[in-house]
Structure formats: structure tokens, C-alpha cells
Amino acid sequence: MQRYLNSQIFILGGCSLLVFYLAALPIGTLLYGSFRSAPVMVAGGVFTIQNYVSAFFDQEAYYLAWNSVQFALGSSLLAFVIGTYLAWINERTNLPFKTTCSLMALLPLLIPGILSTIGWVFLLSPRIGVVNLALKNFLGLASGPFDVFSMWGMIWVQAVDIYPLAFLLMSAALRNMDPALEEASMAAGSGTITTLRRITLPIMRPSMIGVMLIMFVRAIEAFEVPAVVGIPGDIYVFTSKIYLATHRYPSDHGLAGAYAVNLLVICVAGVLLYQRLTRRQEQFATVTGKGYRPRVVDLGPWKYFHLALAVVIFSIGVVTPVFILIWASFIPYYGVPSAELIGKMSLENYMFILTYPEATKAFKNSFFLSVGSATSVMLVTSVIAWITVKSKIKGKGVLDAISFVPIAIPGIVLGISLMWVYLIVPIPIYGTIWILLVAYMTKYLPYGVRAASASMIQITSELEEASHACGGSWQQTFRKITLPLLTPGFLAGWIYISILALRELSTSILLYSTDSIVLSVLIFDLLDQAQYNWLAALGVLMILVLMAMALLAHKLGATMGIAR
Amino acid sequence: MKKIRRRFFHVAWALLFTFFVGSVSSGRYNPAFGAENELVEAAKKESGKLLASIAMRLSTAKKLADSFRVKYPFIKEVNQYRADAERRLERTLSEFRAGRHSFDVFQGSPPHLAALKAEGVLAAYESPQAADIDPRFKDEAGHWFDVYWYPVIIAYNTNLVSGADVPKSWEDLLQPKWKGKMTMPRDQIGWFKVMLKAMGDEKGQAFMKALSKQNIRISKGVSDGVALLAAGEFHMAITRAQHIEIFKHGKGAPVDWVKDLNPMAVHGSPIAIMKHSPNPNSARLFIDFLLSREAAVIVAKSRRLPARLDVEGLSPGFKEMNRKNLVRTPDEDIFKNFQIYRTEFRELFGGPK
């Protein structure tokens with residue numbers, strides 16, 4: 001018994017240390033660096049609040065904050081509306097082809113943000129955007145009606161990128177709602193609209209606000225759209241400014257640090273508020289063990305209209321940007337589809353990419369990081385989940401809390417923090433692939449914890465107790481009983497993390513070196529050099545890999561619906 | 001018989017002469033040949049990898065790296081880091097200050113190289129190939145050498161601009177019909193200074209002021225501006241000739257450039273060895289190779305103008321170019337006053353958009 005306790009404490013200690021190392025060390029270094037007068041890696045800096053003074057008393061800071069809020073609010077609201085609508089027709093109506101529809105709503109999750117953003121530039125650029133040109137010629141306008149390099153353009157592209165998340169979260173909320181109150185309202189003679197206004201919306205309000213908050217956080221920490229669309233349009237937000245402050249010459253790491261802390265505070269506040277709101281939601285006890293099926297609204301003939309609308313959203317959101325990438329991948333220089341260019345179509349871009357050593361290296365690295373981070377995160381988090389769900393060890397709440405912290409760290413902030421950590425800590429992983437592995441582990445820790453504890457809760461302790469009764473040690477029990485039982489949940493989490501890791505850009509962009517370049521960064525670099533056709537070919541190959549992974553996941557019976 | 005004997009003597013003399021000249025000229029190379037052997041032996045003891053931060057197109061860089069590895073098979077990998085110039089500069093400086101040295105060579109714009117030189121990041125090197133490099137295209141102290149050079153010119157989309165509309169001089173850009181239809185890469189300071197000097201300060205300033213009123217869109221880099229020119233987003237561009245040659249002849253895009261302008265600002269694209277290069281001997285071999293005739297031919301085939309005296313640019317457009325008014329950019333002056341000049345430029349034309 002003594003030995004068993006010891007190993008438990010040892011494991012808790014080990015896990016806490018690891019989680020602390022992954023999550024708390026970068027934030028500590030970031031705070032430290034933001035108070036230094038010189039970049040952390042340069043000797044001779046002193047403590048100063050100058051970075052914050054210039055971050056708060058500079059007019060530019062308010063302009064940045066205002067832009068960031070506009071961008072995040074606009075895109076999160078739009079994404080919320082699209083996502084909620086799709087969730088509603090999928091969960092609460094008699095829409096035909098529901099499985100196909102939910103698949104269509106989830107598919108954008110597979111398209112890396114950097115690629116869909118570039119796709120939108122090809123579509124909505126003021127003069128060469130295909131949509132603009134078509135409309136210009138069709139309506140006889142002097143110039144195209146859309147400008148992607150504007151705040152509205154940014155909001156639109158970001159919203160299209162994140163609406164699947166709103167769809168997932170709102171589907172879950174709608175599915176878990178007890179329809180008894182609605183039924184009572186209908187029975188008392190209220191109409192559909194009154195019921196919606198007086199019953200459904202008030203019940204849903206906490207989860208709706210919660211989802212909007214999460215969408216807001218996701219949008220304000222987004223990097224792809226602000227970098228690809230915002231910077232050329234001269235519209236800067238926190239993430240793009242942090243990136244520029246560390247990547248333009250002369251750089252200003254202190255200012256980047258101060259902005260990073262600002263952004264971190266906003267995101268942490270958002271996530272904390274979200275947790276409070278969803279906790280209150282549980283108090284309403286709408287999620288009970290009672291067996292019920294949500295009331296289904298009969299749409300009548302309108303169901304085909306809604307089906308068509310879902311297809312239109314899917315075509316606009318996913319098909320068009322991907323189609324334009326495919327087009328660009330076959331032509332020698334970017335241009336609007338024309339007879340002249342169709343004649344010049346070839347596989348040359350693919351040939352170049354497939355024989356280009358950097359691309360091969362990026363594929364290898366991305367694959368390694370994707371598999372490596374998913375495996376190590378799921379291994380660590382299943383131990384963490386065991387501690388927080390099953391064990392009665394004191395202090396497990398702290399472990400749970402710290403392991404959830406990274407969810408609130410924006411990718412770019414994590415990037416700059418880790419860059420500083422390994423420039424000053426004598427662990428020689430700066431510039432290697434290991435710093436990226438550490439970053440990805442930190443970033444996906446919360447996702448792993450979620451997936452692992454969700455399946456851990458479903459396992460009763462009887463089997464483990466039986467194992468202990470037969471004399472099995474803690475490790476033996478964990479390896480032979482708990483882990484196998486966890487496998488389905490473990491696998492689902494593993495696949496979700498590996499897909500996220502393959503798309504990762506905002507952290508990698510600050511931490512990669514030539515040896516550890518990953519696919520999304522290579523695409524970003526190619527964009528920097530305006531090699532649109534090579535990047536399109538690389539992007540199409542990358543989407544094919546992601547599709548294959550998702551298909552594999554589907555075959556293995558895992559669902560993609562375990563986001564967060 | 002006499003005739004034959006005379007002919008024999010002619011041939012003999014010719015042979016003797018060639019031999020003599022050959023031995024004299026190769027005499028210049030003999031020590032270098034020995035030095036090269038030494039360098040190769042020293043490079044063999046290094047990691048067999050080379051990391052270059054480069055500015056040229058990936059396809060050209062790959063061809064050069066492949067030929068280099070064929071010549072020196074013990075070099076297993078030539079890794080090339082190609083990204084936005086300022087990003088590369090910042091990264092190199094950050095790493096240098098933090099005492100981390102991963103790069104062996106750095107290729108960039110002259111002001112960036114000058115910035116690195118001033119921070120002490122670069123090592124001087126006396127390349128045996130330097131003698132064949134045009135003196136305009138190398139640093140006297142041996143801190144950098146240009147691999148190729150290019151003039152800044154007026155380019156146009158041939159679907160949109162043709163016949164009498166094609167500009168003949170810089171002044172033609174001021175015509176009202178071009179307003180809002182032109183692009184130029186950010187911070188064209190070398191071009192800016194050469195133009196001011198050639199036009200005379202007062203006239204030059206007036207020209208620049210009038211040009212800035214034409215609402216020229218500033219692109220982030222050279223390639224993106226040229227890609228948009230080819231795609232028809234812009235009618236004209238102030239840009240580099242080599243990019244237009246690549247797009248016109250390499251990809252068949254509808255673009256061309258004006259080959260007789262006064263002045264044509266000439267930029268070099270310098271490369272240098274890092275002071276703390278992890279593989280200094282391999283880096284020297286690489287520089288020697290890039291400056292060699294073999295590499296210059298690859299460079300010329302990739303539609304650039306090699307800095308070597310004995311290799312001409314091969315792309316058709318360069319043959320039609322009027323070389324009379326080529327003016328090298330005043331790089332030393334530009335680096336010393338970079339911030340001032342950049343502010344001047346940005347006040348007129350704005351920053352990257």
C-alpha cells in the first residue's frame with residue numbers, strides 16, 4: 001500500500017512538474033521579458049515599465065485594440081450566426097440528408113486557415129479577384145465591388161474559417177437542451193415564436209453567450225487572416241503587430257512582449273468568463289440523465305430551401321476557395337481563368353514541389369510533429385485525466401487548472417514566449433524541431449485533457465479495483481486496464497490533435513528554423529515571395545493529406561465532434 | 001614547300017603563344033588551385049552541411065546548390081532559407097546577439113548587408129574568383145560579392161499597354177492616364193537616389209513629387225508586384241528587369257519592359273560569409289563556386305545578369321538593353337543615411353501596402 005501511494009505521488013509530482021514546465025514557464029518568461037529594457041537574450045537589460053507605457057500611452061495601441069475588437073467581434077458574430085443556423089437546422093428540424101449536412105459544416109476544419117485565406121485573396125482581391133472580375137464584367141462596373149484587404153474582408157474570411165466551431169458548440173448545446181419547458185409552453189397555448197422568445201432563447205442564453213465568447217477569443221488570437229489580408233490592407237491587429245515587431249528590422253521585442261501580455265489578458269478573461277457561464281448552465285440542470293429527444297420542428301416544404309441554403313454556405317465557404325487553389329496549382333503564373341491560361345495548364349508546379357527539398361523536409365517535419373505531439377499529449381493527458389477524475393490525491397484541482405491554461409494562450413504569444421525561454425534557458429532546443437514539439441504539446445494539452453477525461457469519466461472504478469485486489473500495481477492497472485478502456489476516446493483525441501498540429505502556423509512561424517520548417521510555414525514563406533502557384537500545389541497536396549487523415553479517422557470510427 | 005614550312009611556323013608560333021599566355025594566365029591560378037585543395041580538405045572535416053540565407057528564387061537556388069554538391073560530393077546538404085528580407089535580417093541579428101550561429105552565408109540587399117557588416121556579423125574573404133568579378137560588384141574589403149545584378153526599369157502588361165502607350169522615359173509615367181495603375185516594391189531607395197542624382201536635385205525632387213501624386217501602389221516585395229502586373233491588376237510597374245524576363249520568357253506571361261531609360265539604377269545582389277559560420281571552409285567553397293564561371297552560366301540561364309566579366313546575360317531582353325545609362329546605386333551612402341532616405345521615400349510614396 002505504501003509503495004502504491006508513493007508511485008501515485010511520484011506520478012502526480014511528475015505530471016505537475018511537466019505541466020508547469022509546459023504551461024507556466026513560457027508565461028512567466030513572457031511577463032519577465034515584457035518588463036525588460038532590452039531583448040531577453042541580450043545582456044545589459046534593466047527592469048522597466050517603458051514597454052507598457054509605450055503600449056498604453058501610444059495612440060497606436062488604442063488603434064490596435066480598436067481594430068482587434070472590431071475584427072474579433074465582427075467575425076465571431078458572423079461565424080456565430082452561420083454556425084448556429086446550421087446547428088439549428090441539423091439538430092432541431094426535419095432537414096433531409098442530415099449526416100451529409102453536418103459533414104459539410106465540419107469540412108472547413110480540415111482546410112488550413114492559411115490556405116483558405118489565400119484562396120479568398122484570389123477570389124476577392126480588388127482587381128484580379130475572380131469574383132470581382134465576374135461581377136465587374138457582368139454588371140458593367142468600373143471596378144470590382146469587393147476589397148478583401150479591408151476590415152470587412154478580414155471579418156468575412158475569418159468568419160468563414162471559424163464557423164464550424166460555432167456549429168459544433170451550438171449543436172452540442174441544442175442537443176443537450178431539455179425540451180420539456182418548450183413542450184409545456186406549447187401546451188399552454190403559446191405559438192412557435194413566443195416559445196422561442198420566452199423559453200428557448202432564455203434557456204440557451206448562457207451557452208450562446210459562452211459560445212460567442214469562445215469565438216471572440218478564437219478570432220482575436222487568429223494570425224492567418226491578419227497577416228495575409230490585414231497587413232497588405234494596412235489594417236493591423238495585436239497578432240500581426242506582435243509578428244511585425246519581432247520580424248522587422250529594427251525589431252522591438254519589448255513592445256511585442258507588452259502587446260502579447262495585453263492579448264493574453266484579453267484571452268484569459270474571455271476563457272474564464274466562458275467557464276463561469278458554462279458552469280452556471282449546469283446549474284440550470286438542462287443536461288440530465290433523463291432520456292429525451294429534442295422537439296423537432298417540421299419545416300414542411302421549406303426543408304428543401306434550408307437544405308439548399310446549407311449547400312450554398314458550404315459551396316461559398318469551402319468549395320470556392322479550394323477550387324481557386326486547385327486552379328492556381330496548375331497554371332504558370334496567377335491569373336483569372338481564361339482560354340489563354342487554360343492552354344498553359346500543366347503539372348509543373350507539382351513537379352517542382354515534389355522535387356523541392358524544403359517541401360520534402362516540411363512534409364517530414366509536419367508529419368513528425370503531428371504524430372509526435374498527438375501521441376505525447378494523449379499519453380500525458382490520460383495520466384492527468386486519471387489523476388483528476390479517478391484519484392483522490394490532494395491538489396489535483398491545481399493540476400487540472402494549469403493543464404487548461406494553454407487554451408487561453410494565443411498561438412503567437414506562445415511562440416514569442418517559448419522563443420525567449422529557450423534563448424535564455426540553457427536547454428539547447430532553440431532552432432530545432434524539439435522546440436516545436438514542446439510548443440505543440442503545450443498548445444494541445446487542454447484538448448488532450450478534455451478528450452481523456454471525457455472518456456475517463458465513463459469508466460467505472462470496479463475494474464481497476466478488481467485489478468488492485470488481484471495484486472496489480474498502479475502502473476500495471478493503468479497499462480492493462482485503464483489504458484485499453486480509454487482507447488476509443490484516446491484515439492479520437494489523438495486524431496483531432498494530429499489534424500490541428502498539421503495546420504498549426506501562428507506558433508511555428510516564430511520558432512521554426514530551416515531544419516525544422518513545417519508545411520504551413522513553408523506556405524507562408526512562399527506567399528511572402530509571391531510564389532502563388534507553387535504554394536497552391538503544396539496546399540492542394542496538404543489538403544489531400546488532411547482529407548486522408550480524416551477519412552482514416554472516420555474508418556476507425558472516431559468522430560470529429562470532440563473539439564474542445 | 002616553303003609555304004608549308006611557313007605555315008608550320010605560324011602554327012607553331014600560335015601554339016607557343018597560346019601556351020605562353022595559357023601558362024601566364026593559369027599561373028595566376030596555380031596558387032589558387034593549391035589553396036582550393038587545402039580548402040577542400042578543410043571543408044571535408046566540417047559537417048557536410050551548409051545553411052544559406054538567400055534572396056534569389058528557389059528554382060535558381062536549387063540549381064546552384066545541386067551543381068555545387070555535384071562538384072563537392074562531400075557536401076551532403078545545402079539548406080536554403082528564403083523568406084522576407086527584413087525577417088531574415090532580423091532573425092540573423094537576433095541569433096548573432098544571442099550567440100547562436102546557424103547560418104554560413106547570407107545573401108540580401110546591399111543596405112541589409114551593410115547593416116550586418118556594421119554589426120560585425122560578416123567575415124571578409126579573399127576569393128580567388130574575385131579577380132573575374134566586375135569591380136562595381138564587390139566590396140573592396142572582401143566582405144561581400146554580388147552574384148548577379150539588375151537594373152530597375154519600367155515594366156508593363158502587354159495586354160493592357162501597347163504601341164504608342166508604351167512609355168519611353170521616366171517622365172512618361174507622369175501622364176494622367178497612368179494614375180492609380182502602377183506598382184512599385186517598398187523602399188526603392190537605391191533607385192530613388194540614382195534618379196535624384198541623375199536628374200539633378202531640384203528637377204529630381206519635382207519629378208518624385210509629381211510621381212507620388214500618381215497613387216503608385218507599394219507592394220511588399222518585387223515578386224508579388226510582378227505577379228500582379230502579369231495577372232493584370234496593374235498596367236505598369238517600376239521593378240527589376242530580371243523578374244520581367246523570367247515572367248515573359250520563362251512562364252510566357254504578358255509582360256515586357258522598357259530597355260532604354262536614362263538613368264537605369266543598377267543594384268547588386270551581394271552574398272557574404274558569416275563571421276561565426278559553423279562551416280567556414282565549406283562556406284568559402286560555396287562563395288568561390290557562386291562566383292565561378294560555372295555558376296555564372298547557371299545564373300545567366302536563369303535569366304539574370306551575372307556579376308562576372310566573362311559571362312553575359314543570356315535572356316533575350318538583356319541583349320536589347322541600352323547599357324549607356326546604367327548607374328550603380330551608392331550603397332555606402334545609402335547605408336549611412338538609410339533611416340533618413342527611407343523616411344524621405346515613405347513620405348512620398350508610403351510604406352508597404
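In chain B, B:R303 sits in the loop between α10 (293-301) and β11 (305-306), where helices (H or I, at least four residues) and strands (E, at least two) are DSSP runs numbered from the N terminus. This is a predicted model, in which local features need pLDDT of at least 70, side-chain atom pairs count only at pLDDT 80 or more, and totals for chains, interfaces and linings use all residues. Residues are numbered from 1 along each chain as its sequence is written, chains are lettered from A and ligands numbered from 1 in the order in which they are written, and side-chain values use heavy atoms, with hydrogens and water left out.

B:R303 is not a glycine, yet its phi is positive, at about 70°. With a relative accessible area of 23%, B:R303 is partly exposed; buried means under 20% relative accessible area, exposed over 50%, and partly exposed in between (1.4 Å probe, protein chains only). A positive phi, of about 65°, is also found at A:D234, again not a glycine. A:D234 belongs to the loop between α10 (224-230) and α11 (238-247) of chain A and counts as partly exposed at 30% relative accessibility. Another backbone feature is the cis peptide bond between B:N262 and B:P263, with omega about -5°. B:P263 is part of the loop between β9 (255-257) and β10 (264-274) of chain B.

A straight helix of 29 residues would span 42 Å at 1.5 Å a residue, but α9 of chain A spans only 36 Å between its end C-alpha atoms; the expected span is 1.5 Å times one less than the number of residues. In α9(A), a kink of about 55° lies at A:R205, shortly before the proline A:P206. The bend at a residue is the angle between axes fitted to the seven residues ending there and the seven starting there.

The largest nonpolar core has 299 residues, of which A:L86, A:Y334, B:W170 and B:W191 touch the most other members. A nonpolar core is a set of buried Ala, Val, Leu, Ile, Met, Phe, Trp, Tyr and Cys residues joined through side-chain atoms within 4.5 Å. Helix α7 (residues 151-175) of chain A gives the most to this core, with 16 residues. Apart from this core lies another, of eight residues, including A:L110 and A:I495.

A:F490, in helix α21 (residues 474-503) of chain A, is buried, with a relative accessible area of 18%. Not counting residues up to four places away in sequence, A:F490 touches A:M378, A:L379 and A:S382, contact meaning heavy atoms within 4.5 Å. The C-alpha atoms of A:F490 and A:A452 are 6.1 Å apart, although 38 residues separate them along the chain.

Between the chains, 47 residues of chain B are in contact with 46 residues of chain A. The two chains bury about 4000 Å² between them, 50% of it on carbon and sulfur atoms; buried area is the accessible area (1.4 Å probe) that two parts lose on being put together, summed over both. Three salt bridges are counted between chain B and chain A, each a side-chain nitrogen of Lys or Arg within 4 Å of a carboxyl oxygen of Asp or Glu. A salt bridge joins the side chains of B:K220 and A:D528 (2.4 Å, N to O). A:Q531, in the loop between α23 (519-528) and α24 (532-555) of chain A, is buried at 5% relative accessibility. Leaving aside neighbours within four places in sequence, A:Q531 is in contact with A:L526 and B:R57.
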